Amino acid sequence: RGLRCPYNSNMSTPRFYCPVPLVAGSVLALPESAARHAVRALRLGAGDALILFDGAGGEYRSRIAEVTRSAVSVEVGDHLERSCESPLHVTLIQALQTGDKMDLTVQKAVELGVAEIVPVLSRRSVLRLSGERAERRVEHWRGVVASACEQCGRNRLPTVAQIVHLERWLAQPSSPDVLRLILDPEGGYALRDSARPPGGRVEVLIGAEGGLAPEELEWAGAAGFRGVRLGPRVLRTETAGLAVLAVLQNLWGDF
C-alpha cells in the first residue's frame, strides 16, 4: 500500500498533471496549459519545486529547470508511492445537466473520491449532445477531472465514459457484487441499514433536472437499482450525487 495522502486544500507545492509517462531523472516540457498556469498564475520560475503525476499512480517531486517565452522545462525527481484513493469504487451514472452544473458535479465528485463517471442521456435531459459536440464535452469533463486531481491530491484520474443513452447503459450486464442505488425520497431503504458491498463497488444513478421518467425508473429497478432515501427532501440533480458520495464515504470509505 502507498502512503496515505498527507495533503489538504492548502498544499504549498503546486501539482500538475502530465499525460505522458514520467521517468525519474528525465527532463520534459510541461503541457502548454500547465506551463501557462505555472508561469502566469503562480509566478513560478527556474528552481521552484512542483509535483508531477501522470495518472498511473504515485507522483514525482520535481523542479523547474528553465522558463522561456515558449516553454517550461522540468527536471523530474524521485517517485513517491502516495495514494489518496478511496477504498470504495463508486461509479456515478449522471444524467446530463444544463449550464455549468455538470462541471460542478464532475469536479466535486472527484474530490469526494468517485472512481468512474458515466454521463447518460435520459428522457428528461434538457441538454442534448451527440457526435462531435458530445466528444468535445467529454474531453472538457476529462480536463475538469485532471484539474480537480491537481487540487485535491489524487494521483489516479477517475474515468469519464462517452455519453450513452440511459436505456442502453441499463441494458448492459452487471456484476452481482455491485450495490446499485437510485435516490427515492419516498423510499424506505437507508444506506446505514445495508452492509458494505463485497469489494466496495457501488453504482449511483442520478437523473437530470426533471428526474427520471417512470419507464426509466422501471428499467433501473429491473437492472437491480435499489431506491435509497436521504431524508424527506427532494435534492437537485447537482446536489444528489454529491450527497450520496459523501454518505458512502462516511459509511464505508475514508471519511
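Leaving aside its neighbours within four places in sequence, which residues is E203 in contact with? Contact here means heavy atoms within 4.5 Å. The answer is T91, I93, W169, S174, V178, L179, R180, L181 and F225.

Before I go on, some ground rules. This is a predicted model, where local features need pLDDT of at least 70, side-chain atom pairs count only at pLDDT 80 or more, and totals for chains, interfaces and linings use all residues. Residues are numbered from 1 along each chain as its sequence is written, and side-chain values use heavy atoms, with hydrogens and water left out.

Back to E203. This residue sits in strand β13, residues 201-206; strands are DSSP runs of E, at least two residues, and helices are runs of H or I, at least four, numbered from the N terminus. E203 counts as buried because its relative accessibility is 12%. The cut-offs are under 20% relative accessible area for buried, over 50% for exposed, and partly exposed in between, with a 1.4 Å probe and protein chains only.

Next, the nonpolar core. By that I mean a set of buried Ala, Val, Leu, Ile, Met, Phe, Trp, Tyr and Cys residues joined through side-chain atoms within 4.5 Å. The largest one has 39 residues, and L96, W141, L181, V204 and L248 have the most contacts inside it. Among the elements that give two or more residues to this core are β8, β12, β13 and α6. Helix α3 gives the most, with eight residues. Not counting residues up to four places away in sequence, W141 touches L96, M102, D103, V106, P119, L129, V160 and I163. Another core, of 16 residues, lies apart from it and includes F16, A35, L44 and L52.

Now the charged pairs. A salt bridge is a side-chain nitrogen of Lys or Arg within 4 Å of a carboxyl oxygen of Asp or Glu. The whole structure has 12 of them.

E59 pairs with R15 at 3.3 Å, N to O. E59 is in strand β5 and R15 in strand β2, 44 residues apart. E59 also meets R82, at 2.7 Å. Because R82 lies in strand β7 and E59 in β5, this pair ties together parts 23 residues apart in sequence. R82 is buried at 6% relative accessible area, and E59 is buried at 0%.

K101 forms a salt bridge with E209, the closest N and O atoms being 3.5 Å apart. K101 is in helix α2 and E209 in the loop between β13 and α5, 108 residues apart. K101 is partly exposed at 23%, and E209 is partly exposed at 32%. Finally, shared partners join R15, E59 and R82 into one salt-bridge network.
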